[in-house]
Amino acid sequence: MHTLLITGPGGAGRTTVAAATALAAARQGRRVLLLSGDVGDPLAALTGEPVGEPAEAAPGLTAVPVAGGIRVARVDSGEEFREELVALQERGSALLGMLGARPLGAEELTELPGAEQFALLRALRRAAAAPGCDLVVVDLPPLHQALATLALPAQLRRYLARLLPAERQAARALRPVLAQLAGVPMPAQWLYEAAARWDEELAAVQEVMEAATTEVRLVAEPGPAAADAIRAGRLGLALQQLPVAAVVANRLLPEHSADPWLAGLAAQQEKCASAWAGDLPVVRLGHLGRDPRGPQDLELLAAAGGLVPERPAPRRAWAVEDRLAEDGVLVWAVPLPGAHKRELDLIRRGDELLLTVGPYRRIVPLPAALRRCTVSGAALADGGLRIRFTPDPGLWPRTP
């Protein structure tokens, strides 16, 4: 199963490109599932009316067939939120009753901020397991929001491990005694069970995102603002170990125009697209002269070459280089394409490393070998951060 995550700066046409990519892949004989979490269903204006009845694409995920042989699955974040909260109330009914709380009915629940991200992640996990499917194209939210969504699984799993560690469950037989001594009720077993279930779901989503068959494409209309957004987005994705496989340069104007104003804009677009092509594959989509709408316009865009990925691009791992013999250090190489030294921050805390790049931050566990070392320096060069670790004599194995 090949999963293609598509995002980009707001207003760049990412939904249109996602639909065109799905249609182009279907035209090549692939079995395609297009997943969208956008409010208002903008895909309907592009794909037209359904050509069949909704059917289950995967457990918990319904898809509708549309023209071109595509199945479209949409995320209902409100329904997901209501079902999850009602189930949580039922599992914690004893505790809620002890506190005198009145459970909320499903009909009075409205989704809270952040419910869309969780619903999209759960739908992504289900779509990746859909049988009879070769390619899942995911229309993600705008770039900054997409980065926050993709970072959620690892962040929340870390919070759960710290706040509700699994080893505390072994002491559940002591909770009645502890409750009497402390005079307060200890956390109920249902809370730990819920945490374990959440961790399992988040781990499954994280597995999909980290799979070698998952890749990211960015959609942008070339220009100075888009160039800044793409650079920042690539850094945020690199921090999550999600490299960008390609950039779709959308709404390109004709290169040769008698109108000097249009010719100037086209030249600016070409300069920006050429800069991206210096280190990334670039797919070019021409401007239709109007906002794409309907299956006919989608067909025109799908006919452009390069939209369908042949195979997932190889990933660059965060490799640990052994330079003990030459320099007495181990080097952890972290790819950060386009990073500037002034926007980097690095803090070692216990067995974790806090990495900050511009507005993005990630806390990553250190590989086992590096936990017995101290950070002795770092350097940014050739699109990568190289962090040097010196073995701690008190922790490092001694050799005869």
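## Surface and overall make-up

The protein chain of this predicted model exposes about 20,600 Å² (Shrake-Rupley method, 1.4 Å probe), and carbon and sulfur atoms supply 56% of that area. Of the 400 residues of the chain, 42% count as buried, a term that stands for under 20% relative accessible area, while exposed stands for over 50% and partly exposed for values in between (1.4 Å probe, protein chains only).

The chain holds 12 helices and 16 strands, which are DSSP runs numbered from the N terminus (H or I of at least four residues for helices, E of at least two for strands). Among contacts (heavy atoms within 4.5 Å) between residues at least 6 apart in sequence, 69% join residues at least 24 apart.

## The aromatic pair

The structure holds one aromatic pair, formed by Trp-318 and Trp-332 in an edge-to-face arrangement, with 5.7 Å centre to centre and 75 degrees between the planes. Rings of Phe, Tyr and Trp (its six-membered ring) pair if their centres lie within 6.5 Å, and planes under 30 degrees apart count as stacked, over 60 as edge-to-face and the rest as tilted.

Trp-318 lies in the loop between α11 (295-302) and β10 (320-323), whereas Trp-332 belongs to strand β11 (residues 329-335), 14 residues apart. Trp-318 counts as buried because its relative accessibility is 10%, and Trp-332 counts as buried at 4%.

## Packing of α5 and α6

The axes of helix α5 (residues 115-128) and helix α6 (residues 143-163) come within 10 Å and cross at roughly 75 degrees, so the two helices are roughly perpendicular to each other. Axes here are lines fitted to C-alpha atoms over the stretch in contact, with angles from 0 to 180 degrees between N-to-C directions; angles under 35 degrees count as roughly parallel, over 145 as roughly antiparallel, 65 to 115 as roughly perpendicular and the rest as oblique.

From α5, Gln-117, Phe-118 and Leu-121 meet Gln-145, Thr-149, Leu-152, Pro-153 and Leu-156 of α6. These residues divide into five nonpolar, three polar and no charged.

## Positive phi values

Arg-251, in strand β8 (residues 244-252), has a positive phi near 60 degrees although Arg-251 is a residue other than glycine, and with a relative accessible area of 24% it is partly exposed. Asp-382, in the loop between β15 (373-381) and β16 (384-391), has a positive phi of about 55 degrees and counts as exposed at 82% relative accessibility.

## Basis of the values

Residues are numbered from 1 along each chain as its sequence is written, and side-chain values use heavy atoms, with hydrogens and water left out. Because this is a predicted model, local features need pLDDT of at least 70 and side-chain atom pairs count only at pLDDT 80 or more, whereas totals for chains, interfaces and linings use all residues.

Definitions and conventions: Nonpolar A, V, L, I, M, F, W, Y, C, P; charged D, E, K, R; others polar.
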